[in-house]
Amino acid sequence: MNGGTCGVVQIMKIGIGNDHSAVEMKQQIKEYIESLGHEVVNYGTDTAESCHYPVIGETVGRAVASGEVDCAVLICGTGVGISIAANKVDHVRAAVCSDTTTARLVKEHNNANIIAFGARIVGIEKAKDIVKAYLDADFQGGRHAVRVDMFREIELKNVRHEMNRM
């Protein structure tokens with residue numbers, strides 16, 4: 001499983017997903033990430049035709065959880081709906097970020113492997129700053145690792161609960 005490698009200074013394979021409200025921003029963020037030297041895998045839509053962000057959030061979540069990509073960026077109108085969908089996938093820790101401090105801390109403290117933001121909430125320059133803050137951050141481990149491990153314990157409880165219901 002991918003423990004998240006986005007904070008390590010290296011060339012990364014980064015997934016990007018978006019809905020119809022974020023096509024233009026997705027393209028600009030994709031180009032920005034590539035300008036930093038990373039590979040970008042596009043899982044989002046490239047048209048303004050209405051689409052279902054839960055499908056894209058799940059697809060990106062599965063790509064991160066399987067290790068197909070190192071981490072990911074999700075963009076919808078607010079960042080909330082698409083991140084909720086991604087968080088339904090085991091091993092995903094997606095966090096909505098509207099500022100650089102949150103983007104840095106979700107990596108340092110929560111080892112988030114996906115960040116999300118809203119095309120209707122942040123402008124393109126702020127979005128680039130958020131992505132850079134996230135990619136430059138490193139998971140701090142220590143007491144934070146204990147807490148991140150607790151996320152997995154919750155996932156396992158949910159699996160056991162579902163199995164008991166059958």
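## Exercises on a predicted model: sheet and salt bridges

Five strands make up an open sheet whose order is β2-β1-β3-β5-β4, and the pairing is parallel. The edge strands, each pairing on one side only, are β2 (39–42) and β4 (94–96), and from one strand to the next the twist averages 25°. The model is a predicted one, and the exercises below work through it.

### Exercise 1

Task: Determine which strands pair with β3, and in which sense.

Solution. Step 1: in the order β2-β1-β3-β5-β4, strand β3 stands between β1 and β5. Step 2: strand β1 (residues 13–18) and strand β3 (residues 71–76) run parallel and are joined by five bridges; Gly-15 stands opposite Ala-72 in β3, and the bridge partner of Gly-17 is Leu-74 in β3. Step 3: β3 also pairs with β5 in the parallel sense, over five bridges, and here Val-73 stands opposite Ile-115 in β5. In general, strands of a sheet pair through backbone hydrogen bonds, either parallel or antiparallel.

### Exercise 2

Task: Decide whether the two faces of β3 are covered or exposed, and name the residues on each side.

Solution. Step 1: in a regular strand the side chains alternate between the two faces of the sheet. Step 2: Cys-71, Val-73 and Ile-75 lie on one side of β3, with Ala-72, Leu-74 and Cys-76 on the other. Step 3: these residues are all buried, and both faces of β3 are covered. Step 4: because six of the six residues of β3 are buried, the strand is largely enclosed by the rest of the structure.

### Exercise 3

### Exercise 4

Task: The structure holds nine salt bridges; examine the one between Asp-46 and Lys-26, and explain what the pair ties together.

Solution. Step 1: side chains of opposite charge can pair when their charged atoms come close. Step 2: in the salt bridge between Asp-46 and Lys-26, the closest N and O atoms are 2.8 Å apart. Step 3: Asp-46 lies in the loop between β2 and α2 (53–66), whereas Lys-26 belongs to helix α1 (residues 23–35), so the pair ties together parts that are 20 residues apart in sequence. Step 4: Asp-46 is exposed, with a relative accessible area of 51%, while Lys-26, at 0% relative accessibility, counts as buried.

### Exercise 5

Solution. Step 1: Glu-108 and Arg-104 form a salt bridge with their closest N and O atoms 2.9 Å apart. Step 2: Glu-108 is buried, with a relative accessible area of 12%, whereas Arg-104, at 35% relative accessibility, counts as partly exposed. Step 4: Lys-128 has 19% relative accessibility and counts as buried, since the cut-off for buried is under 20%.

How values were computed:
Residues are numbered from 1 along each chain as its sequence is written. This is a predicted model: local features need pLDDT of at least 70, side-chain atom pairs count only at pLDDT 80 or more; totals for chains, interfaces and linings use all residues. Side-chain values use heavy atoms; hydrogens and water are left out. Two strands pair if DSSP finds at least two bridges between them. Helices (H or I, at least four residues) and strands (E, at least two) are DSSP runs, numbered from the N terminus. Axes are lines fitted to C-alpha atoms, for helices over the stretch in contact, and angles run from 0 to 180 degrees between N-to-C directions. A salt bridge is a side-chain nitrogen of Lys or Arg within 4 Å of a carboxyl oxygen of Asp or Glu. Buried means under 20% relative accessible area, exposed over 50%, partly exposed in between (1.4 Å probe, protein chains only).
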